[in-house]
Amino acid sequence: MTSLALGVPTIRRDPAQIPPTHGRPDVAGLVDRFGREARDLRVSITEKCSLRCTYCMPEAGLPPIARDDLLTATEIGRLVGIAVRDLGVRDIRFTGGEPLMRNDLVEIIRRSSEAADGASISMTTNAIGLDKRVGALVAAGLTRINISLDTVDRDHFARLTRRDRLPSVFAGITAAKAAGLTPLKINAVLMRDTLDGAVDLLEWSIANGVRLRFIEQMPLDADEAWARDNMIDAAELLDVLGSRFTLTSPTREDPSSPAEEWIVDGGPATVGVIASVTRSFCAACDRTRLTAEGTVRSCLFGDDETDLRGLMRGGASDELIADWWRAAMWGKQAGHGMERADFVRPLRSMGAIGG
Ligand code: SAM
Ligand code: SF4
């Protein structure tokens, strides 16, 4: 039986079935055919968002997910427990859509943190409304946070996100720092429209003690406007930043970290560059993803999904769910394939996967 969720066909699994092995080794972790092991879980919890960033969402927002199709806080906690206890996951990150759009976010964090047995619990957010909830989120077990901010120019921000909400983002950043969620990381997607503001954004980040990372835009915008010839790549960004700062000694925090960190003006400030398109880090990828509807997606660019929600609601044991998750990871593709002439965009856009 198949079902349609945000345009993506997902295969429902019969809980009585044992997942196929296809040469998969009998190990506990989430290993794939290319020698990688997933230890980092991204959990999308909603398709809703308070912004409409042009590189991500359509103007009207994503088609709503029916309430019954969303994973509940209890189900998320159960899957996080399976991921950590049975599959060796060490880092859990909530994303979306915008995680702060879920009224039960505190309960999601609390249940996940109880199940996570010491694994880190973090969130990627646009920070709108964060100032009012950050205390409760930290008390529930949130340990780290990444905030997305592409420009510190209010007009640019309003154009790029189709919402005039920059002051709310600043309030969220201030509150996150006051709540001890430091070092705070800021993610900025590179767009031609905001490239001029990249120097200002880095200056602002250094002055405010936050760690900025620029990300190359990927072909995951719902509007399908991305074009390789028009995207800003890491080399162009480094030229622009190099006109104002001296950037030296690029390093990676660890081999699976997507960000190359450059020292700014002799340090201690740094700036990260995530060259997802031009310097792919797929060979070292250690991610597995859960969509808001409870399917496992092994790669941002792989439309093959495994429906864990259906298994859970059909009465499957933790052991069987873990085994389906392992089978999904074994099928993970080698890389995004953007460099190939026959590259096809995935059916889901970024906001429907969880970045
Ligand atoms: N709403 C939250 C936020 O913006 O941080 C979480 C979800 S958002 C999809 C997660 C991350 O994906 C953000 O840092 C965003 O900038 C990034 N993103 C969205 N669309 C992208 C694209 N087409 N290419 C690269 N990164 C993208
Ligand atoms: Fe919303 Fe985040 Fe996508 Fe922007 S990047 S539209 S804030 S989900």
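I began with the second largest pocket, and its volume comes out at about 370 Å³. Of the 15 residues lining this pocket, R67, L70, R102, N103 and D104 are the closest to its centre. This is a predicted model, where local features need pLDDT of at least 70, side-chain atom pairs count only at pLDDT 80 or more, and totals for chains, interfaces and linings use all residues. Residues are numbered from 1 along each chain as its sequence is written, chains are lettered from A and ligands numbered from 1 in the order written, and side-chain values use heavy atoms, without hydrogens and water.

I noted what a pocket is: on a 1 Å grid over the protein atoms alone, an open set of points where a 1.4 Å probe fits, with protein on both sides within 12 Å along at least five of seven lines; lining residues have an atom within 4 Å of a point. The volume is the space filled by probe spheres set on the points, which are joined across faces, edges and corners.

Next I sorted the lining by class: five nonpolar, three polar and seven charged residues. Here Ala, Val, Leu, Ile, Met, Phe, Trp, Tyr, Cys and Pro count as nonpolar, Asp, Glu, Lys and Arg as charged, and the others, Gly among them, as polar.

Then I turned to ligand 2. Which residues surround ligand 2? I found C49, L51, C53, C56, M57, G97 and N126 (a heavy atom within 4 Å). This shell has five nonpolar, two polar and no charged residues.

I looked at helix α2 (residues 105–115) after that, and its buried residues are L105, I108, I109 and S112. They cover an arc of only 95° around the axis, so they sit on the same side of α2. The arc is taken from the directions from the helix axis to the C-beta atoms. Buried means under 20% relative accessible area, exposed over 50%, and partly exposed in between (1.4 Å probe, protein chains only). Helices (H or I, at least four residues) and strands (E, at least two) are DSSP runs, numbered from the N terminus. Just after α2, D117 takes a positive phi of about 50°.

I also checked S249 in strand β11 (residues 247–252). S249 has a positive phi of about 45° although it is not a glycine, and at 45% relative accessibility it is partly exposed.

Last, I looked for cis peptide bonds. The bond from T182 to P183 is cis, with omega near -5°, and P183 is in the loop between α5 (166–178) and β9 (185–189). The bond from G267 to P268 is cis too, with omega near 0°.
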